[in-house]
Amino acid sequence: MQQFTVTPQPKFQSLQTNTPFQIRIAYFIMIHHKPDIFKSMFDKIYTRDQFYLIHIDRSATDDFTEEIQQYLIHFPNVYILESINIVTGGFSVIQAELNAMEYLLNVSKEWDYFINLSGEDFPLKSQNIIRQFLTANIGRNYLFYYDQKLYRPDTLQRIQNHFTELNHKISSLIYKRKFMDGVTPYIGGKWFIFTKDTCIFLTNNKRVMDFEDYYLHTLLPAESFFQTVLMNTAFKDIIVNDDKRASIKNFFFNKNRYYTNFIESLKSNNQLFIRKINKETNQIILQYINDTYLLPLTKVDEIERELKRNDKENN
């Protein structure tokens, strides 16, 4: 496996109750509909000493865009990224995120973590609790990853074929090609929490451009680009295999049992956000989130969990 020369400098430390230092977050939020859901989420994550960058998809209606712009104009530390057309399954999602990292780095270097969200995400904990957690674990990156060949061989056609992103879809004209030499492909999810140093690396290292050139013509790169780049560098040593998101699934049978099990899962983990919150979300889940919003995170030994997961995967 090829190793690059850039070496991250993790700074793991425990948060002391008497320390004044607390990390600052740069949020990047991609939205295209449901303004009320977005506003509800934004109200929960907003503080005056952090940074917020919003991307409104070009496909959004004029009324939606105008409503969001008028809403955000009252917040001095909120910025709007130039809109690009996001094609489902294409590289445009990655491009928007790389643009966002570069934009926020140009705005200020006074932040420590970059978190990507959608307009339907919602914090499970207050900003104070989330910042305390990241301060106590400063230097770590959070995203899901799996060796694509070992655990998701059914998805290899996404990277072994050449795809072309058109204005509104992925072209049906594809052809086989060789994968990148000396690189192990990884896959996972499209949600992450990255350190500022990681963002600097992703937007300024020339070797990353080789990954961009290749993954520009893959299918669903949002689930594999960052995993493959970081797991093939020294950054792999500071990745926690967890994106800190809980996700509600649509179930048509045994709903009550699912909701009960879902809440039990929330109690035993330390996720920071929940995906796909909307007006149809189960009231029991919404009530649980409201009741526990200011309660401390469940204590989870992430290093021990990583070791157990690795042992399980290797057996």
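Tutor: A salt bridge is counted where a side-chain nitrogen of Lys or Arg lies within 4 Å of a carboxyl oxygen of Asp or Glu. The model before us is predicted, and by this rule it holds ten salt bridges. Side chains of opposite charge can pair when their charged atoms come close.

Let us begin with glutamate 120, which forms a salt bridge with lysine 34; their closest N and O atoms are 3.0 Å apart. The two residues belong to distant parts of the chain, 86 residues apart. Glutamate 120 sits in the loop between β4 (113-118) and β5 (122-123), whereas lysine 34 sits in the loop between β1 (25-31) and α1 (35-45). The partners can also be described by their accessibility. Glutamate 120 has a relative accessibility of 9% and therefore counts as buried, because buried means under 20% relative accessible area. Lysine 34, at 33% relative accessibility, counts as partly exposed.

A further salt bridge joins the side chains of glutamate 67 and lysine 39, at 2.8 Å from N to O. Here the link runs between two helices: glutamate 67 is in helix α2 (residues 62-72) and lysine 39 in helix α1, 28 residues apart. Glutamate 67 is partly exposed, with a relative accessible area of 30%. Lysine 39 counts as partly exposed as well, at 21% relative accessibility.

We turn next to arginine 158, whose salt bridge partner is glutamate 223; the closest N and O atoms are 3.0 Å apart. Arginine 158 lies in helix α6 (residues 157-160), and glutamate 223 lies in the loop between α8 (206-215) and α9 (225-231), so this pair ties together parts that are 65 residues apart in sequence. Arginine 158 counts as buried because its relative accessibility is 14%. Glutamate 223, with a relative accessible area of 24%, is partly exposed.

For contrast, consider a contact between two helices. The axes of helix α10 (residues 255-268) and helix α11 (residues 283-292) come within 10 Å and cross at roughly 20 degrees, which means that α10 is roughly parallel to α11. Helix α10 contributes Tyr259, Phe262, Ile263, Leu266 and Lys267 to the contact, and helix α11 contributes Ile284, Ile285 and Tyr288. Of these residues, seven are nonpolar, none is polar and one is charged.

Methods:
Residues numbered from 1 in each chain as written. Predicted model: local features only at pLDDT ≥ 70, side-chain atom pairs only at ≥ 80, totals over all residues. Heavy atoms only, no water. Axes fitted to C-alpha atoms, helices over the stretch in contact; angles between N-to-C directions. Helix = DSSP H or I, 4+ residues; strand = E, 2+ residues; numbered from the N terminus. Parallel < 35°, antiparallel > 145°, perpendicular 65-115°, else oblique. Contact = heavy atoms within 4.5 Å. Nonpolar A, V, L, I, M, F, W, Y, C, P; charged D, E, K, R; others polar. Buried < 20%, exposed > 50% of the residue type's maximum accessible area, 1.4 Å probe, protein only.
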